[in-house]
Amino acid sequence: MAETKLVNLKINDRDVQVPAGTLVIEATRRLGIEVPSFCYYPGLSLQAACRMCLVEVEKMPKLQTACTLVAGEGMVVHTNSEQVRNARKFMLEFLLTNHPLDCPVCDKGGECELQDMVFRYGADTSRFVEEKLHRPEEKWSDLVYYDAPRCILCFRCVRVCDEGMDVKALGVGMRGANSIIIPNGGDHLDCQECGMCIDICPVGALTSGTYRYKTRPWEMQYVASICMHCSNGCKTTFSVRNHEILRANNRDLSGINKEFLCVKGRFGFDFTMHPERIKQPLLRKGEKLYPVSWEEAAQAAATRLNEIHTAFGPDAIGFIGSNRTSNEENYLLQKLARSTFGTNNIDHHRTADYTGLVTALGDRAADSLLTMEQLYKSKAVLVIGNDPTNQNPLVAWQIRAGIRHHGTKLFVINGQETQLDRKAKQSVVLGGVLEAAAVRWLVTGEDKLPQELATQLGVMKQALQAETDVAILFGSSLAGAAIGNLVEFGSNLPGKVRYLALGDYANSRGAADMGILPDRLPGYAYLDNATAVDSLVKHWGGKVPSKPGLTAPAMIEAAQSGKLSALYVVGANPLAHYGTLGFGRGKVKLLIVHEMFLTETALQADIVFPAASGYEKDGSVTNTSGEIQLLHKAGEVMGVRSDFDLLRILSHQLEKLGLGKAFHYKNPAAVFEEIRKVVPGYNVQLAGLLTGGAEATSLQFSRNGHAPYDVPVQLIRSANDTLFTSGSLGRFCTMMQSLPEAEVKS
Ligand code: SF4
Ligand code: SF4
Ligand code: SF4
Ligand code: FES
């Protein structure tokens with residue numbers, strides 16, 4: 001590897017060594033010396049608009065902007081000389097000439113960079129007596145408001161929308177003192193409504209429609225947790241007052257997503273306070289569901305499950321788990337199914353074939369799965385059968401950042417055009433040809449594809465064969481044997497190849513990792529894997545059933561025909577989902593559901609337990625790239641309970657009836673301790689997680705001579721969410737759903 005050249009310079013009489021090409025402003029930060037800045041923003045292009053970062057450099061005739069000056073060998077820099085201090089004072093005075101002094105009512109008051117700078121570096125008097133130019137505040141959308149007089153024209157918003165988001169919805173209008181930011185619709189925005197521009201604005205010029213004038217920053221608590229919408233696992237800081245979430249952002253730039261959040265992560269939290277939240281257990285009496293006490297509901301659930309278990313045996317009951325409940329809850333659910341009831345009838349709506357990928361990789365799984373950071377750093381990225389801008393917004397952000405910062409080469413193979421195509425070195429639009437056929441062609445060149453398509457794929461294959469570090473991402477259209485082909489193609493590329501299966505929801509990967517699967521134990525272990533079974537038996541007692549169970553669609557079909565007597569559904573809506581396959585509740589004798597809302601499935605249930613959302617509980621989730629992160633309880637809704645609590649309660653009721661052992665875990669952390677011991681790849685460092693970081697799982701997987709793996713058609717199904725939808729959760733995000741863009745794009 002080529003060695004990085006270093007340069008030596010002196011800043012405020014201290015020596016520092018930095019890689020060649022480092023900006024002086026970054027060199028000062030290495031020493032913990034603050035050089036104030038507004039327009040400089042790491043990761044975005046340089047603007048040199050605000051002149052706040054002026055520093056004195058010996059042998060240079062005038063002050064220099066530290067944000068554009070590259071550190072040079074032998075440079076001597078002063079950041080706190082009298083000349084520099086005066087320059088800052090004058091720049092702030094200049095910025096304040098037209099800035100309204102409305103800090104007491106400004107949303108940004110208390111966390112405004114201009115306020116802080118004036119406090120630290122500003123003059124203590126103002127010489128300005130002229131009348132200020134006023135402009136009325138503008139509402140650009142339900143989510144974004146602009147107050148021009150507060151704007152200090154740093155252009156961070158314009159750059160983040162253009163470079164970061166590739167939306168280009170903001171521009172600059174007028175000239176000089178009259179300059180303003182203008183939205184693409186003239187007087188309104190037509191964009192992705194991500195709110196990145198609001199977040200990045202150093203002052204209160206851009207404010208959020210959901211948060212403005214609601215509270216003051218010091219009146220809230222700040223809780224770090226994970227976005228519950230898609231599978232990318234963005235870290236989010238919730239601003240909470242009186243147990244209610246008022247704002248979501250990631251302003252401390254921590255976690256795998258740094259400052260990034262899409263519209264769902266930033267604004268899609270109001271479902272928590274939706275008036276249709278279920279807040280009391282419901283029990284069916286005849287045609288209707290009636291509110292009942294917790295005791296009555298829990299006893300009814302345990303009694304009826306026990307009766308069915310006794311009368312019809314373990315396999316008369318099926319369990320459908322969730323893509324959005326925590327790892328701990330998923331783990332407990334499969335433990336309940338396997339250990340208490342003795343069945344492998346457990347599955348969930350699978351949106352990516354993680355089992356297929358792990359199986360295809362075999363013993364290479366541990367170091368061949370791609371993290372979000374590795375995605376950013378990859379030299380080449382191949383996306384197959386997915387539209388990351390809509391379905392995996394952080395993935396799209398990482399890819400764009402890689403292209404911008406170090407020239408990542410992007411290749412796309414998809415049925416239709418995607419927004420990422422315009423950033424791609426090459427994109428192949430398949431039209432009616434299946435992604436699986438394109439992959440087969442890449443491996444064997446044998447499939448009969450239209451000539452033009454084959455030529456394009458040939459060019460792409462050749463380009464990829466010249467790359468040494470390739471990330472391969474794929475969506476739900478590649479499953480089972482098709483993933484095997486893809487891994488074979490990757491194995492023939494010359495350098496390091498890593499893979500990322502793109503699922504849909506916050507814990508899609510965690511659900512699969514935890515063994516919410518009818519044919520695999522936690523960590524994808526085969527049901528006959530003696531080591532895995534022994535380890536589970538050691539922790540659970542009893543037995544682990546060895547007969548493969550029914551898949552989710554097979555359970556719904558069996559419930560409909562009466563072959564399955566009871567169905568236990570946690571945080572999922574299979575009747576809506578598999579309803580498209582013609583399934584309904586049918587003849588099932590007992591349907592129990594944990595839910596937040598009366599979804600299609602909950603409406604058919606015999607017993608409904610009101611469940612807490614991911615924003616109202618502790619636990620852990622694993623994003624689609626296998627990075628585990630902790631959930632922390634942010635909001636609180638009276639009357640609901642976490643699925644962890646609900647499963648604990650049920651296990652105690654069942655034990656009283658002589659079925660299984662009660663769960664005695666004190667809290668989700670105690671379950672996670674067990675997970676660390678029994679789920680391969682989950683024995684991660686706790687320190688990293690507890691300090692708000694992500695820890696990548698490292699799966700050890702052996703095929704052990706099992707037959708090649710494949711999946712039935714329809715088993716892996718994406719919900720094909722857009723930027724503004726996310727299954728049943730998205731339906732209850734009122735603000736987001738009211739946006740005109742949501743209508744067009746969903
Ligand atoms: S909300 Fe996002 S997409 Fe819209 S203007 Fe702001 S940065 Fe651009
Ligand atoms: S609106 Fe905010 S981010 Fe945009 S130029 Fe003005 S001050 Fe900067
Ligand atoms: S990219 Fe996904 S995880 Fe990140 S904020 Fe958006 S919906 Fe949430
Ligand atoms: S931060 Fe250097 S000119 Fe704005």
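How many cavities of 30 Å³ or more does the count come to? The count comes to 7. This is a predicted model, in which local features need pLDDT of at least 70 and side-chain atom pairs count only at pLDDT 80 or more, while totals for chains, interfaces and linings use all residues. Residues are numbered from 1 along each chain as its sequence is written, chains are lettered from A and ligands numbered from 1 in the order in which they are written, and side-chain values use heavy atoms, with hydrogens and water left out.

**View 1. The largest cavity and its lining.** Here the volume is about 100 Å³. A cavity is a set of points, on a 1 Å grid over the protein atoms alone, where a 1.4 Å probe fits but cannot get out, and lining residues have an atom within 4 Å of a point. The volume is the space filled by probe spheres set on the points, which are joined across faces, edges and corners. Of the 15 lining residues, Cys161, Cys191, Cys194, Gly195 and Cys197 lie nearest the centre. Helices α4 (156-164) and α5 (196-200) each give two or more residues to this lining; helices are DSSP runs of H or I with at least four residues, strands runs of E with at least two.

**View 2. Ligand 1 in its space.** Ligand 1 takes up the largest cavity, by the rule that more than half of a molecule's atoms lie within 2 Å of the grid points. Residues around ligand 1 (a heavy atom within 4 Å) include Val167, Leu170, Gln192 and Glu193. By class, this shell has 8 nonpolar, 2 polar and 1 charged residues.

**View 3. An edge-to-face pair, Tyr331 with Trp540.** The structure holds 11 aromatic pairs. In this one the ring centres are 6.3 Å apart and the planes at 70 degrees, so the pair is edge-to-face. Rings pair if their centres lie within 6.5 Å; planes under 30 degrees apart count as stacked, over 60 as edge-to-face and the rest as tilted. Tyr331 lies in α8 (327-340) and Trp540 in α18 (530-540), so the pair ties together parts 209 residues apart in sequence. Tyr331 is buried at 0% relative accessible area (buried means under 20%, with a 1.4 Å probe and protein chains only), and Trp540 is buried at 4%.

**View 4. A tilted pair, Tyr526 with Phe701.** The centres are 5.9 Å apart, with 45 degrees between the planes. Tyr526 is buried at 9% and Phe701 at 5%.

Key. 1 Å grid on protein atoms, 1.4 Å probe; cavity = no way out; pocket = protein on both sides within 12 Å on 5 of 7 lines; lining within 4 Å. Nonpolar A, V, L, I, M, F, W, Y, C, P; charged D, E, K, R; others polar. Phe/Tyr/Trp six-rings, centres within 6.5 Å; stacked < 30°, edge-to-face > 60°. Buried < 20%, exposed > 50% of the residue type's maximum accessible area, 1.4 Å probe, protein only.
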